[in-house]
Every structure is written in structure tokens, then in C-alpha cells.
Amino acid sequence: MILKRHIEEEISKKFDLIIVGGGITGAAVAYIAAARGLSVALFEKKDYGGATSAATSKLIHGGLRYLANMEIKLVRESLRERRILGNIAPNFVYPLPFVFPNYKKWKGNIWKMLFGMYLYDMLSYDKKDTWDKSKRLPNHKLISHRKTIRLEPNLKRDSLRNSFYFFDYQSIFPERLTLAFIKSAAEYGAKVSNYAPVEAFLYSDKNRISGVQVRDLFSGETKNIYADLIINCGGTWADKILNLAAGRDFSAYKVKRSEGIHIITGKIAGNHVVSLQREDGGHLMIMPWRDHSLIGTTDKEYNGDPDTYSVSKESLEEVIQAVNRNYGKSISLSDIKHAYGGLRPLVDDQTKGSYQTSRKYEVYDNAADGIEGMITIEGGKYTTSRSLAAEVLKMIARKLNKTLSDPVSDNLYLSGCEIRDMKQFMIKQHLNYTDFSRQTIEYVSRNYGTDSKIVFQLARDNPEYAEVISHDGEIVAEIVYAIKYESARTLRDIMLRRTGTGTLGNPGSDVIDRIVAIAAEMLNWDTKRKQEEIASMMKAYDLF
């Protein structure tokens with residue numbers, strides 16, 4: 001299907017729900033609500049999944065470190081959702097081995113860690129109950145010093161005793177996984193719009209919200225949209241949305257924000273996540289991704305305006321220093337090919353630093369604050385977004401006094417992910433598309449799933465679109481597909497969220513000019529707009 005921007009169309013109906021925010025939480029709520037029979041409109045002020053949902057470590061994990069705080073319920077929920085996401089999005093989510101080295105000077109107790117590993121295995125008792133047998137995860141192992149070095153030879157060897165070897169999942173393209181939720185919602189009838197900020201709230205009486213005023217950033221047109229209930233899925237911006245709705249400052253709902261930074265370098269580790277403990281007790285991970293190393297994350301409180309946030313040189317140097325202090329292979333600023341950062345919304349708890357703060361979530365009925373007709377969501381993590389949405393639906397059903405149809409989000413594939421056996425799917429893909437390189441077949445098939453047939457057909461219909469524009473086989477047809485089928489409207493949408501052409505750093509002027517030429521033709525960009533788009537893209541690479 002073609003993902004349309006509903007804001008461009010005539011809007012006359014009243015909806016059951018208006019969702020404000022198109023990150024993973026808003027996308028999941030929209031999907032589950034639409035699938036259970038509610039009429040839904042979703043508005044995202046920029047692009048789907050373009051903020052916090054894009055600033056992840058690209059992991060779908062249970063949260064081993066949360067066991068240190070004895071957050072058993074959160075870890076169990078995360079492990080269950082890890083399995084479910086592996087089932088419903090099999091082309092995006094894959095098993096990934098971790099190596100957790102144990103050093104004699106380790107800041108912690110080896111027996112406590114061993115207990116934690118056994119508990120982690122116990123809490124993931126259903127991890128082999130997967131639709132695709134290749135997604136089944138084994139239990140952890142304690143491996144020797146010699147085998148640890150053989151697996152990851154660049155580890156520091158001084159005081160190394162042994163290591164834990166265990167599995168979680170990797171999400172190869174979180175932005176496209178978020179988009180899969182958006183597309184799934186649209187398939188069930190949800191009306192979604194990117195670049196459509198909510199600028200005001202409409203009231204039917206003094207205390208009850210009846211709708212929102214939304215502006216199309218491209219046309220400048222403003223529309224009033226009405227619904228029985230507003231769901232505030234603003235994440236990092238949730239408190240700002242609540243303040244806008246109330247017309248005053250709700251200090252009690254100030255979002256606590258945590259900054260997370262990741263850097264991408266040439267490959268400095270093997271095919272495992274190397275999980276290291278920093279001197280302060282925090283953690284650092286060196287993860288394999290697209291033949292590079294993805295390194296992160298920082299986790300420190302951020303008190304500034306989320307609208308002006310950017311990655312700082314200081315934050316990058318903190319990651320570099322953490323690598324050089326704790327790993328056997330040093331890096332410098334010149335080794336960074338790309339970097340990205342974002343802000344995580346946390347459930348406010350001023351008694352803890354951001355690293356120790358829980359990744360749990362809260363769902364608030366704002367009627368308690370004198371604002372009837374709005375629900376606000378705080379906190380959460382990418383892995384548990386689907387279950388968070390399911391909890392929100394319980395409150396929605398009560399508020400709307402409606403009996404909803406049966407839940408389906410845990411037993412149906414997401415849009416484009418209808419693949420029962422990834423191994424057999426990939427074999428068929430290689431047999432069906434022998435006119436493309438092995439790298440292209442692998443990349444396109446995994447990142448587009450069953451929709452890859454459209455991408456390949458675009459390339460077959462126009463040989464120019466079969467041109468390879470990245471080291472791992474991306475092709476020009478993906479650019480056309482992003483614009484025509486997936487509501488990509490800016491160069492950043494295309495290069496950072498629909499395709500991976502810009503996610504490993506600046507691909508060079510030839511590639512960028514090629515993409516801009518196609519986008520300009522399809523989206524009617526004039527010379528000024530092309531220059532603005534290129535300047536915006538270059539800003540993403542201006543690390544300092």
C-alpha cells in the first residue's frame with residue numbers, strides 16, 4: 001500500500017482517538033487501537049520515528065542491567081516483548097551474541113553477576129517459543145579466558161578472568177521497524193501524517209478537550225481535527241504537549257530526560273556485542289552493525305530544551321575516553337564516521353541519576369489534573385513499546401466505554417514482515433533476483449521484507465534505479481520507493497530513516513546529488529529547496 005499523509009486530504013469525520021507523536025510509542029498505540037476497531041488519527045510534528053526512536057543502540061533486549069535494581073517485572077516484560085518482536089518482525093530482529101568480560105578489578109561481585117545470568121535465563125523461559133526456529137536463543141555460558149580472547153582478540157587482557165556469553169536480539173533498522181508499525185496502523189484504517197505539528201487544543205467546554213489544531217508544514221494550511229480522546233505520545237516532549245493543552249506549566253509532569261550518544265567507526269571488534277563496565281559502574285557496548293562498530297551509549301541527565309538538543313564534541317569525547325580506558329583498541333575523533341544522539345524520556349525520579357532511573361512507564365489519565373479527554377504516557381523503552389500500547393488500550397476502552405475487538409498485535413506479522421521462515425525466504429530471494437548482487441539481495445530483502453518485491457521491480461523497470469550506492473548493496477530504487485510509497489518528504493527522511501544511505505556517515509557528493517536529483521523531480525523541489533535540503537543533511541554530519 002501507499003502510505004499517505006492524511007493532512008493533505010479532506011478531513012471531516014470525528015475520530016475515536018487522536019495520537020500526538022509518531023515515535024515508536026505513538027506508532028504502536030495507533031496500530032493496536034486501529035487493529036482493535038477504533039478510528040485513529042496520528043500526527044507527528046517531524047518525521048515518524050525521527051527523534052528518540054532513532055537514537056537507540058539498535059537492540060531489542062530484556063534489560064539485564066535492570067536486574068541490579070531488582071526490576072523483575074520490567075525484565076520479564078522486556079524478555080517477553082523481545083520474543084514477540086522477533087516473531088512479528090522477523091526480517092528486522094535477529095539473535096545477537098554478547099561477550100561480557102569479567103576482570104579481577106571489576107566493580108561488582110562475580111557471583112552476583114552469575115546469579116543475574118541464571119535469573120535472566122529463568123525469566124526468559126519462553127525464549128524458544130518462536131515462530132521461526134532460527135530466532136530461538138540458548139542459555140548463557142561462562143567461557144574461559146582463552147576462548148574469550150579467541151572470540152574478541154582486542155579485549156584488554158590484563159586482569160581478564162573469563163566472560164559471560166549470552167544472547168539478546170538486534171534490530172537492524174529501528175527507524176524502519178517503527179515505520180512498520182505506522183504502516184500496519186494505516187492498513188487497519190488509521191489516518192497518519194508526518195510534518196503535521198499540533199499547535200493548539202480545542203475544547204468543547206472549559207475542561208474537556210475535543211480536538212486539535214494541526215498545521216501542514218509543507219502547505220502551511222491549518223486544520224481542526226476532532227476526537228473523543230487525545231493520546232499524548234510526545235515522549236521527550238510529553239510535558240510540552242501537556243502544557244500546551246492546559247495553557248499553563250504542569251511542573252508535576254516535567255519529563256526527566258536522559259542523553260544517549262552513539263558513534264560509528266570502522267570495525268574494531270568481532271561479531272559479538274562487547275559489553276564493558278566503566279569505572280563509574282555504567283556500561284559501554286561495542287556492537288557489530290553493517291560491517292562497522294556501533295559504540296555507545298552515554299546515559300546522563302539532560303536539563304536543556306529538547307528542541308535545541310544536538311550532539312556535542314564533549315559528549316563524543318566521553319565515548320572515546322570510555323573506549324580507550326576499557327578496551328584494548330584505541331580510537332580518536334578522526335575515527336568517527338558518523339555519530340548520533342537523542343533524549344530518552346524517563347519516569348521522573350529525582351533521587352536517582354539517569355543511568356539508575358527505571359525504564360518503566362506510566363500512563364496518566366489527565367482528568368485528575370482537570371483536563372478531561374487526554375491520556376499522557378511517560379517513560380518506557382523501545383522493546384516494551386507494544387506492551388505499553390496494549391496497557392494504554394485498557395484505559396482507552398474504559399474512557400470511551402467501548403468493548404474492543406480481540407487483541408492481535410502479538411500474533412500477527414507487521415506490515416511487510418509476513419515471513420514465517422527467514423532462511424527459506426532468503427533462499428527464495430536469491431533464486432528470484434539473480435540479476436542483482438548478493439549484497440543487494442541481502443540488504444533489500446531484510447530491510448523491506450515482503451515489500452522488497454516492489455523495490456526490485458522498480459529497479460527492473462528502470463535500469464538506472466538498479467545502480468548500487470552503498471558498500472552493502474543499497475540501490476537507487478530504494479529512494480524512489482521511499483518517496484512514492486513511504487511518505488518521505490525530506491532528504492533526511494530518505495537518507496537516515498527510509499534507507500541507510502546516510503547512516504554510516506557522509507556518502508559523498510556524488511551519491512547525495514544523485515538522491516537529490518530524484519527527490520527534486522518527484523517532489524517538485526526548486527533550486528532553493530534543493531540547497532536547503534543538502535544544507536540540512538550536511539548539518540547531520542557536522543559533529544562539532
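Visitor: Which element gives the most to the lining of the second largest pocket?
Guide: Helix H10 does, with 6 residues. Keep in mind that we are looking at a predicted model. H10 covers residues 438-448, and strand E4 (93-103) and strand E13 (283-289) each supply at least two lining residues as well.

Visitor: What makes a residue part of that lining?
Guide: A lining residue has an atom within 4 Å of a point of the pocket. For the second largest pocket, 21 residues line it, and among them Ile 172, Trp 289, Arg 290, Asp 291 and Arg 446 lie nearest its centre. The volume of this pocket is about 700 Å³.

Visitor: How many of its lining residues are nonpolar, polar and charged?
Guide: The lining has 9 nonpolar, 5 polar and 7 charged residues.

Visitor: Why is strand E13 called largely enclosed?
Guide: Let's count: 7 of the 7 residues of E13 are buried, so the rest of the structure largely encloses this strand. To be buried, a residue must have under 20% relative accessible area.

Visitor: Which way do the residues of E13 point?
Guide: His 283, Met 285, Met 287 and Trp 289 point one way, while Leu 284, Ile 286 and Pro 288 point the other way. In a regular strand, side chains alternate between the two faces of the sheet.

Visitor: What makes E13 and strand E12 a pair?
Guide: Pairing needs at least two bridges, and 4 bridges join E12 (residues 273-277) to E13, so the two count as paired, and they run antiparallel.

Visitor: How many bridges join E13 and strand E14?
Guide: There are 5, and E13 pairs with E14 (residues 292-296) in the antiparallel sense. Met 285 stands opposite Gly 296 in E14. This hairpin has 2 residues between its strands, and Arg 290 in the turn has a positive phi of about 50°.

Visitor: Why is strand E9 described as largely enclosed?
Guide: 5 of the 7 residues of E9 (residues 209-215) are buried, so this strand too is largely enclosed by the rest of the structure. E9 pairs with strand E8 (residues 198-203) in the antiparallel sense over 5 bridges, and Phe 201 stands opposite Val 212 in E9. Another 5 bridges join E9 to strand E10 (residues 222-232), again running antiparallel.

Visitor: Why is helix H13 called largely enclosed?
Guide: Here 7 of the 8 residues of H13 (residues 491-498) are buried, so the rest of the structure largely encloses this helix. The buried residues include Leu 491, Asp 493 and Arg 498. They pack against helix H5 (174-187), H10, helix H12 (477-485), helix H14 (509-523) and helix H15 (527-541).

Visitor: Why does Ser 452 count as buried?
Guide: Its relative accessibility is 1%, and the cut-off for buried is under 20%, so Ser 452 counts as buried. Ser 452 sits in helix H11 (residues 452-461).

Visitor: What joins the side chains of Ser 452 and Gln 429?
Guide: A polar contact of 3.0 Å does. Such a contact needs a pair of N or O atoms within 3.5 Å, so 3.0 Å meets the distance cut-off. Leaving aside neighbours within four places in sequence, Ser 452 is in contact with Phe 425, Gln 429, Val 444 and Ser 445.

Technical notes:
Residues numbered from 1 in each chain as written. Predicted model: local features only at pLDDT ≥ 70, side-chain atom pairs only at ≥ 80, totals over all residues. Heavy atoms only, no water. Buried < 20%, exposed > 50% of the residue type's maximum accessible area, 1.4 Å probe, protein only. Polar contact = N/O pair within 3.5 Å; in protein donor to acceptor, adjacent residues only side chain to side chain. Contact = heavy atoms within 4.5 Å. 1 Å grid on protein atoms, 1.4 Å probe; cavity = no way out; pocket = protein on both sides within 12 Å on 5 of 7 lines; lining within 4 Å. Points joined across faces, edges and corners; volume = space filled by probe spheres on them. Nonpolar A, V, L, I, M, F, W, Y, C, P; charged D, E, K, R; others polar.
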